[in-house]
Amino acid sequence: MKKQALASLIAISLSPAVFAQDDEVKPFTMEGELGFISTSGNTETTSITAGIVAHQELENWSNDYALEGLYKKETTEDSNGDDVEYTSAQKFFGSAQGNYKLENPDNRLFGFASYEDDRFSNFNYQATVAAGWNQKVLENKRHTLEYSIGPGYSFIETQEDENLDSMIVRASSAYSWKISDTAKFTQTVSTEVGSDNTKSRAETALTATISGNLSMRLSFKLDHNTNVDEDVEKLDTETAVSLVYNFF
């Protein structure tokens, strides 16, 4: 199932298209994000978050790509006074969405694929493929808003090696507000409703330019699954302060 999901992700990434002729629109943008937190005392903690987000604007296609990871290591003292080091979080997520523009370029047909490996969740992996309707409902100098909705299929394997594969309906939205020339607010929400599990993700972020291509970002993420074991939390949250570099 992992190979099928990864193959779908690559297929969308390689969708044929031609670069847009409008010089005012950048054909490709990419930014990288890195956050690092280290604490000491009774408990020593090291947390690293990293991610890459890219957007490709072509004549017939509008494509989005995302990669993100989280790693957290903790060191505590046991009853014998010895230091015990262990990993408390390790997560990888990747996604790609290709939007094919119709006669009205604000109306598109989309294809989506994602893969998530969260070592400390209820699942060995979660992967999704979906297709359907995408529409840009708002775009001006300050605000952009678009949504996607359509059927798909979810590939899920639990920690007990149980498969929860099922048909799903996937819906998502992305909103961006350019507060000023140096500050931007973004909000993304997605949900994948299936018969065995409903998976939802959300991210709220505020980004402020420090100098040139370098920015600072404050973000808050939610990750929710409805079908988990009794000893596993349904909701995971992540708050991060990170540096962002705009490559293109």
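Mentor: Before we start, one term: a residue is buried when its relative accessible area is under 20%, and exposed when that value is over 50%. Keep in mind that this is a predicted model.

Trainee: Are Lys199 and Glu116 buried or exposed?

Mentor: Both Lys199 and Glu116 are buried. For Glu116 the relative accessibility is 3%, which is why Glu116 counts as buried. The side chains of Glu116 and Lys199 are also joined by a polar contact of 2.6 Å.

Trainee: And Lys221 with Glu68, buried or exposed?

Mentor: Lys221 and Glu68 are both buried.

Trainee: Why would charged side chains pair up at all?

Mentor: Side chains of opposite charge can pair when their charged atoms come close.

Trainee: What does Asp223 pair with?

Mentor: Asp223 forms a salt bridge with Arg201, and the closest N and O atoms are 3.6 Å apart. Asp223 is in strand E11 and Arg201 in strand E10, so the pair ties together parts that are 22 residues apart in sequence. Asp223 counts as buried because its relative accessibility is 6%. Arg201 has 18%, so Arg201 counts as buried too.

Trainee: Which residues do the salt bridges with shared partners join into one network?

Mentor: The network is made of Glu68, Lys91, Glu116, Lys199, Arg201, Lys221 and Asp223.

Trainee: How many salt bridges does the structure hold?

Mentor: The structure holds 15 salt bridges.

Trainee: Changing topic. How many helices and strands does the protein have?

Mentor: There are 12 strands and 1 helix. Reading from the N terminus, the order is α-β-β-β-β-β-β-β-β-β-β-β-β.

Trainee: How much of the protein counts as buried?

Mentor: Of its 248 residues, 35% count as buried.

Trainee: Now the surface. Which residues form the negative patch?

Mentor: The negative surface patch consists of Glu160, Asp161, Glu162, Asp196, Asp229, Glu230 and Asp231.

Trainee: Where does Asp161 lie?

Mentor: Asp161 is in the loop between strand E7 (143-158) and strand E8 (166-180). Its relative accessibility is 54%, so Asp161 counts as exposed.

Trainee: What about the backbone phi of Asp161?

Mentor: The phi of Asp161 is positive, about 65°, although Asp161 is not a glycine.

Trainee: And where is Asp231?

Mentor: Asp231 is in the loop that runs between strand E11 (214-225) and strand E12 (235-246). With 70% relative accessibility, Asp231 counts as exposed because the cut-off for that class is over 50%.

Conventions
Residues numbered from 1 in each chain as written. Predicted model: local features only at pLDDT ≥ 70, side-chain atom pairs only at ≥ 80, totals over all residues. Heavy atoms only, no water. Patch = residues over 30% accessible without salt bridge, like charges linked within 9 Å, V, L, I, M, F, W, Y side chains within 5 Å. Areas by Shrake-Rupley, 256 points an atom, 1.4 Å probe, with all protein chains shown as cover. Salt bridge = Lys/Arg side-chain N within 4 Å of Asp/Glu carboxyl O. Lys, Arg positive; Asp, Glu negative; His and termini not counted. Charge placed at Lys NZ, Arg CZ, Asp CG, Glu CD. Helix = DSSP H or I, 4+ residues; strand = E, 2+ residues; numbered from the N terminus. Buried < 20%, exposed > 50% of the residue type's maximum accessible area, 1.4 Å probe, protein only. Polar contact = N/O pair within 3.5 Å; in protein donor to acceptor, adjacent residues only side chain to side chain.
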